[in-house]
Amino acid sequence: MARADRLARIDADRIEHETDYRTALIAALQTTAKGRWGLFGHQGKKGETPASVATVTALIELGETIDELRDTLGMEPFALHADFVAARGPVRSDAVGEPKQAQAWLARLEQELGTA
């Protein structure tokens, strides 16, 4: 019974952290959609601001915590975090800018959450 209680607490923590991650990511995407670059790192160090670095660092740390909890529970890694990490970094010169990319992410998340 103690193991089941422990796993239930870990799962509750996972759910809470995933909710916090989505909330923080949506807030960061909204800021980026308004024209503040740095979240996706398309311009490398040149596009970084202290705020964007702090936001990205917090998201990555929280995503890693979630993945550790998921691993403990025998679950797949947190797909939203994996998608975010994969979307970061330099892009070709003809790629859409970070604000448009953020708008697309927001639309996708709204559709996934059924709020569209």
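Tyr 21 and Phe 78 are both buried, a class defined as under 20% relative accessible area, with exposed meaning over 50% and partly exposed the range in between (1.4 Å probe, protein chains only). The model is predicted; local features are reported at a pLDDT of at least 70 and side-chain atom pairs only at pLDDT 80 or more, whereas totals for chains, interfaces and linings draw on all residues. Residues are numbered from 1 along each chain as its sequence is written, and side-chain values rest on heavy atoms, with hydrogens and water left out.

Confidence was examined through pLDDT, the predictor's score for each residue on a scale from 0 to 100. The chain average is 93, and 97% of the residues score at least 70. Confidence is lowest in H4, with a mean of 94, and highest in H3, with 97. Helices (H or I, at least four residues) and strands (E, at least two) are taken as DSSP runs and numbered from the N terminus.

Helix H1 comprises 32 residues, 2-33, and spans 46 Å from its first C-alpha to its last. This is close to the 46 Å expected at 1.5 Å a residue, the expected span being 1.5 Å times one less than the number of residues. The buried positions of H1 are Ile 10, Arg 14, Glu 18, Tyr 21, Leu 25, Ala 28, Leu 29, Thr 32 and Ala 33. These residues pack against helix H2 (50-72), helix H3 (79-87) and helix H4 (98-113), where contact means heavy atoms within 4.5 Å. H1 is followed by Gly 35, which has a positive phi near 115 degrees.

The largest nonpolar core contains 19 residues; such a core is a set of buried Ala, Val, Leu, Ile, Met, Phe, Trp, Tyr and Cys residues joined through side-chain atoms within 4.5 Å. Two or more residues of this core are given by each of H1, H2, H3 and H4, and H1 makes the largest contribution, with 5 residues. The members with the most contacts inside the core are Tyr 21, Leu 25, Leu 29, Leu 39, Phe 40, Phe 84 and Trp 105. With residues up to four places away in sequence not counted, Leu 25 touches Leu 59, Leu 80, Phe 84, Trp 105 and Leu 109.

A search of the whole structure identifies 4 aromatic pairs. Rings of Phe, Tyr and Trp (its six-membered ring) are paired if their centres lie within 6.5 Å; planes under 30 degrees apart count as stacked, over 60 as edge-to-face and the rest as tilted. The ring centres of Tyr 21 and Phe 78 are 5.3 Å apart and the planes stand at 80 degrees, so this pair is edge-to-face. Tyr 21 belongs to helix H1 and Phe 78 to the loop between H2 and H3, and the pair therefore ties together parts 57 residues apart in sequence. For Phe 40 and Trp 105, the centres are 5.9 Å apart and the planes are at 50 degrees, so the pair is tilted. This pair ties together parts that are 65 residues apart in sequence, because Phe 40 lies in the loop between H1 and H2 and Trp 105 in helix H4. Phe 40 is buried, with a relative accessible area of 0%, and Trp 105 is likewise buried, at 8% relative accessibility. Ring pairs join Phe 40, Phe 84 and Trp 105 into a cluster.

The structure holds 6 salt bridges, each defined by a side-chain nitrogen of Lys or Arg within 4 Å of a carboxyl oxygen of Asp or Glu. In the salt bridge between Glu 18 and Arg 70, the closest N and O atoms are 2.6 Å apart. Glu 18 lies in helix H1 and Arg 70 in helix H2, so parts 52 residues apart in sequence are tied together by the pair. Both partners are buried, Glu 18 at 7% relative accessibility and Arg 70 with a relative accessible area of 13%. A network of salt bridges links Asp 11, Arg 14, Glu 18 and Arg 70.

A further salt bridge joins the side chains of Arg 92 and Asp 94 (2.8 Å, N to O). Here Arg 92 is exposed, at 62% relative accessibility, as is Asp 94, at 56%. Within helix H4, Arg 108 and Glu 112 lie 4 residues apart, about one turn of the helix, and form a salt bridge whose closest N and O atoms are 3.0 Å apart. Arg 108 counts as partly exposed, at 27% relative accessibility, and Glu 112 as exposed, at 52%.

Ser 52 is located in helix H2 and is buried, with a relative accessible area of 8%. Beyond residues up to four places away in sequence, which are not counted, Ser 52 touches Trp 37, Gly 38, Leu 39 and Gly 47.
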